[in-house]
Amino acid sequence: MLLPAWKAFLAFHSSVIARIETELRESGQISLAWYDILIELERAPAGRLKQNSLAQACILTKSGISRTLDVLQKERLLRRETDSEDRRSNYAVISELGRQRLKEAWPVYRSCILKYFDLERDDLTSLQTAFVALTLRLQK
């Protein structure tokens, strides 16, 4: 039972991420990886996080975050600010354009979530309970 459940989880995750990426791209929106970064910045106090905190907070974009931040900065979706207390580190700060692009992408992303995660309430509750329990185990 364990391995089939694991395989089903991996297959669903891979497929749903690919489909969401496709729908975002086809509708001219930012990528899911960019969305992941920008939503964390938007939710952060003052719309900013240190780069290492941002990498830990992101769900989909862990590796190559420096390069992704470079691209986001080039696209003016965020800017970097030097930490006044530790000049070796910096903050990523969401820009107004970043907030706008995030807002524009949300209806497409929301539609995907509703379409691809369409389960009965009890099933959703069971999944949430299981994923929270598994996440808590990993944090010990």
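Predicted model: local features only at pLDDT ≥ 70, side-chain atom pairs only at ≥ 80, totals over all residues.
The chain has six helices and three strands, with a pocket of about 1600 Å³ as the largest one and a 28-residue group as the largest nonpolar core. Here's the tour, topic by topic.

**Overall layout**

- Starting from the N terminus, the elements come in the order α-α-β-α-α-β-β-α-α.
- The C-alpha trace spans about 50 × 40 × 25 Å along its principal axes.
- Of the 140 residues in the chain, 29% are buried.
- The chain's accessible surface is about 9900 Å², and carbon and sulfur atoms account for 54% of that.
- If you take contacts between residues at least 6 apart in sequence, 53% of them join residues at least 24 apart.

**The nonpolar core**

- The largest nonpolar core holds 28 residues, and Ile-37, Leu-41, Leu-54 and Leu-69 have the most contacts inside it.
- At least two residues of this core come from each of helix H1 (2-26), helix H2 (32-43), helix H3 (51-57), helix H4 (65-74), strand S3 (90-94) and helix H5 (96-116).
- H2 is the top contributor to this core, giving seven residues.

**The largest pocket**

- About 1600 Å³ of space lies in this pocket, and 38 residues line it.
- Nearest the centre of the pocket are Phe-9, His-13, Ile-59, Phe-117 and Phe-131.
- H1, H2, H3, H5 and helix H6 (121-138) are the elements that give two or more residues to the lining.
- H1 supplies the largest share of the lining, at ten residues.
- Sorted by class, the lining has 29 nonpolar residues, four polar ones and five charged ones.

- Ala-46 is not a glycine, yet its phi is positive, at about 60 degrees.
- Look for Ala-46 in the loop between H2 and strand S1 (48-50).
- Why does Ala-46 count as exposed? Its relative accessible area is 67%, and the cut-off for exposed is over 50%.
- Arg-76 is another residue other than glycine with a positive phi, near 65 degrees.
- Arg-76 belongs to the loop between H4 and strand S2 (78-82).
- Arg-76 counts as exposed because its relative accessible area is 59%, with over 50% as the cut-off.

- Leaving out neighbours within four places in sequence, the contacts of Lys-50 are Asp-83, Ser-89, Asn-90 and Tyr-91.
- Lys-50 and Arg-80 are 30 residues apart along the chain, and their C-alpha atoms are separated by 9.3 Å.

**Two residues of helix H4**

- Asp-70 lies in helix H4 and counts as partly exposed, with 42% relative accessibility.
- Between Asp-70 and Arg-80, ten residues apart along the chain, the C-alpha separation is 9.3 Å.
- Val-71 also has its place in helix H4, where its relative accessibility of 37% makes it partly exposed.
- From Val-71 to Glu-96 is 25 residues in sequence and 16 Å in space, C-alpha to C-alpha.

**Arg-43 in helix H2**

- Is Arg-43 buried or exposed? Arg-43, part of helix H2, is exposed, because its relative accessible area is 63% and the cut-off is over 50%.
- Arg-43 and Leu-10 lie 33 residues apart in sequence, with 28 Å between their C-alpha atoms.

Conventions: Residues numbered from 1 in each chain as written. Heavy atoms only, no water. Core = buried A, V, L, I, M, F, W, Y, C linked by side-chain atoms within 4.5 Å. Buried < 20%, exposed > 50% of the residue type's maximum accessible area, 1.4 Å probe, protein only. Helix = DSSP H or I, 4+ residues; strand = E, 2+ residues; numbered from the N terminus. 1 Å grid on protein atoms, 1.4 Å probe; cavity = no way out; pocket = protein on both sides within 12 Å on 5 of 7 lines; lining within 4 Å. Points joined across faces, edges and corners; volume = space filled by probe spheres on them. Nonpolar A, V, L, I, M, F, W, Y, C, P; charged D, E, K, R; others polar. Contact = heavy atoms within 4.5 Å. Areas by Shrake-Rupley, 256 points an atom, 1.4 Å probe, with all protein chains shown as cover.
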